[in-house]
Amino acid sequence: MQYFDELETRSADQRAADLAKALPQQIARAKTASGIAALLGDVDSASVTTVADLAALPVIRKSELVSAQAANAPFGGFTTISADGFEHIHQSPGPIYEPGRISGDWWRIGRFLHAAGIGKGDIIQNCFGYHLTPAGMIFESGARAVGAAVLPAGTGQTELQARAAHDVGATAYAGTPDYLKVILDKAEAMGLPLKISRAAVGGGALFPSLRQEYADRGILCLQNYATADLGNIAYESQAQEGMIVDEGVIVEIVTPGTGNPVAPGDVGEVVVTTLNPDYPLIRFATGDLSAVMEGISPCGRTNMRIKGWMGRADQTTKIKGMFVRPEQVADFVAKHDEVSRARVIATREGEMDMMTVMVETDATDADRYRISMADTLKLKGKIVLVAKGSLPNDGLVIEDQRSYD
């Protein structure tokens with residue numbers, strides 16, 4: 001088997017030795033970024049050489065990044081170079097600003113695409129968004145790293161997507177898991193045969209039934225776990241047994257709300273330290289739940305494996321590839337004096353994410369809330385009006401009813 005590089009097959013001893021050199025250097029870099037330095041305190045960089053040493057450092061949470069950016073735009077003092085030193089500045093919902101670079105596979109997606117069998121000779125239809133948010137550029141960077149051509153399709157305009165996939169002979173897809181099915185179904189309805197045989201997906205859960213549907217159509221569909229802040233965190237190989245941690249990050253699983261590592265195999269919050277010298281996030285809490293798997297992948301890659309995404313440590317939920325946060329629901333309620341409470345419910349219909357917003361109100365016209373729903377939640381969905389006092393008094397404002405079995 002040909003691997004992306006020699007890092008993927010290092011022995012445990014070699015990986016630990018490499019980490020003992022890389023970690024002190026990265027902590028020292030992080031301390032040159034004012035925002036991170038303020039959170040790290042007086043830690044001695046030279047003393048942090050193992051994952052166990054990392055556990056003594058504070059966890060950095062997204063809320064701290066957001067508040068730092070509000071005080072010191074755009075990056076809150078979390079980067080080691082100035083904003084004008086980056087080729088791109090991206091904006092994610094929040095708003096949160098993230099830096100981006102166009103050289104060196106900055107987000108490290110090439111490793112995932114290689115594991116999925118995508119490389120030179122392939123044409124990737126990249127259906128991640130290119131507008132403001134970084135996902136489109138993240139996967140384009142990975143495509144360059146493996147020598148694949150890119151059709152920068154972005155999101156929406158499904159009929160044009162199907163036509164383009166046919167006309168250019170796209171052999172691979174990158175995007176959210178369920179949008180590929182939309183394109184395939186549209187192409188079939190239009191009588192357009194497609195050549196897509198590989199799919200690299202992220203930004204949402206890949207449900208087993210959907211993966212099987214793609215397999216039945218001759219498409220190998222693998223998923224990765226990445227964020228705009230950290231880049232690639234973990235990825236599936238063709239062994240399809242867990243997600244292999246990327247070589248450019250260090251992953252810890254901790255008790256949610258703390259920085260304390262859980263017992264091996266226990267579910268906890270994913271905390272990531274990146275070795276990216278430009279954006280050296282240290283013990284950055286993702287808010288996602290996962291667990292470490294025993295052993296190494298049958299594909300021969302030797303890094304730690306995690307079980308993939310297992311829910312949120314808080315109520316933040318990804319729907320249609322976009323995060324919906326409790327504070328967004330609160331903003332929606334605050335826009336309407338007659339609304340007492342609201343609850344977002346995520347479900348699945350026909351392999352597609354669906355969002356329903358339950359609104360406690362005396363009003364009788366649901367349409368009056370559609371504009372503010374789209375404005376605050378950044379998604380379209382169904383609105384159901386219910387009587388005041390009828391929603392459960394359990395503190396939930398986002399309920400995920402999707403099954404991940």
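Predicted model: local features only at pLDDT ≥ 70, side-chain atom pairs only at ≥ 80, totals over all residues.
**Notebook: a look around the protein**

I started with the surface: the accessible area of the protein is about 17,300 Å², and 53% of that belongs to carbon and sulfur atoms. Areas like this come from the Shrake-Rupley method with a 1.4 Å probe, and for residues only the protein chains shown count as cover.

Residues are numbered from 1 along each chain as its sequence is written, and side-chain values use heavy atoms, leaving out hydrogens and water.

Next I checked burial. Buried residues (under 20% relative accessible area, 1.4 Å probe, protein chains only) make up 50% of the 405 residues.

Then I looked up contacts (heavy atoms within 4.5 Å). Among those with a separation of 6 or more, 62% join residues 24 or more positions apart.

For overall extent, I found that the C-alpha trace spans about 65 × 50 × 45 Å along its principal axes.

On to the fold: I found 11 helices and 20 strands. These are DSSP runs numbered from the N terminus, with at least four residues (H or I) for a helix and at least two (E) for a strand.

I followed one open, mixed sheet of 9 strands, ordered β4-β3-β5-β6-β7-β8-β9-β14-β13. Strands pair if DSSP finds at least two bridges between them. The edges are β4 (149-151) and β13 (292-293), each pairing on one side only. I zoomed in on β13: 2 bridges join it to β14 (residues 305-306), and the two run antiparallel. There, V292 stands opposite I306 in β14.
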